[in-house]
Amino acid sequence: MSASILSARHLSKVVPSAEGDLTILHDLDLDLDGGDSLAIVGSSGSGKSTLLGLLAGLDLPSGGEVKLAGHALSQLGEDERAQVRAEQVGFVFQSFQLLDNLNALENVMLPMELEGRKDARQQATLLLGRVGLEHRLSHYPRQLSGGEQQRVALARAFAADPAVLFADEPTGNLDSHTGEHITDLLFELNKERGTTLVLVTHDERLANRCHRQIRLEAGRVVA
C-alpha cells in the first residue's frame, strides 16, 4: 500500500448561529492512499461540502486535524495552505469556474503558468486533446456547451498534476449522457495519473465507481 496522502483525525466543525453553536461535522476519521477514490454522499445539509472544504484546506476545522501530502493544515498560515493547495490539489466544481476572458487553452495553461512551467502551452494542448477538445482550443467559455466547459475544467484540474483532486458535484449541471462522459474521463485520468479522487455527489452511478463511499447524516458518518 502507498502511504496515506490524505488523512483526517477527530475532525469537527462548529459554527455559531442564532440558536447557539451548530455542529456541522462530528469527530470524523479518514485515510486515503495515493490513487484511491472516495465518494462523499448524503442529503442536502449533511455536511458534505463542509467536509470537502476542510479536507482541501479551504477552511479550518474547529477540532481535529487534516494531513494533506504530509502537511498538517491547521499548523500552517493562510499563505502556506494556499501554497500546499497550489502544489498538491486540483478542483472541479459544479459551476465549472472557468475564467470568461480566457479561451479554453489559456484556462488550462493558467495553473501551470502560475507555477512558472515552460511547457504550459504544450501540456495544456495535450490535456485538451485528451478530453476531446483539440478543435476548441481558441473558444471562450461562452462559446462552449456545459459538457465542454466541464471538460476544460477537468483538463485544468489535472494540469498541475495534483496529488488529490476534489470534485464538488462535477456532473450536477449536466444531462445524464454528458455526465457519464465526464465521469468516464475523470476515472480514466485518475488511473493514468495516479491522482487521488475525493468527490461530493448526489449521482449514485458516480459514487458507485469510487473505491470507497462515506455517507453523512447531520455531520456524522453513518455508513
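1. Asn107 sits in helix α3, which spans residues 104-114. Helices here are DSSP runs of H or I with at least four residues, strands are E runs of at least two, and both are numbered from the N terminus. This is a predicted model: local features need pLDDT of at least 70, side-chain atom pairs count only at pLDDT 80 or more, and totals for chains, interfaces and linings use all residues. Residues are numbered from 1 along each chain as its sequence is written, and side-chain values use heavy atoms, without hydrogens or water.

2. Is Asn107 buried or exposed? Asn107 counts as buried because its relative accessibility is 1%. Buried means under 20% relative accessible area, exposed means over 50%, and partly exposed lies in between (1.4 Å probe, protein chains only).

3. Set aside neighbours within four places in sequence. Asn107 then contacts Leu98, Leu99, Leu102, Pro141, Val152 and Arg156. Contact means heavy atoms within 4.5 Å.

4. Now the ends of the helix. Asn103 lies in the loop between β6 (89-93) and α3. Asn103 caps the N-terminal end of α3, with a side-chain oxygen 3.1 Å from the backbone nitrogen of Leu105. After α3 comes Gly116, with a positive phi near 80°.

5. Asn103 also counts as buried, because its relative accessibility is 11%. Not counting residues up to four places away in sequence, Asn103 touches Leu137, Ser138, His139 and Tyr140.

Technical notes
A polar contact is a pair of N or O atoms within 3.5 Å; within protein, one must be able to donate a hydrogen and the other to accept it, and residues adjacent in sequence count only if both atoms are side-chain atoms.
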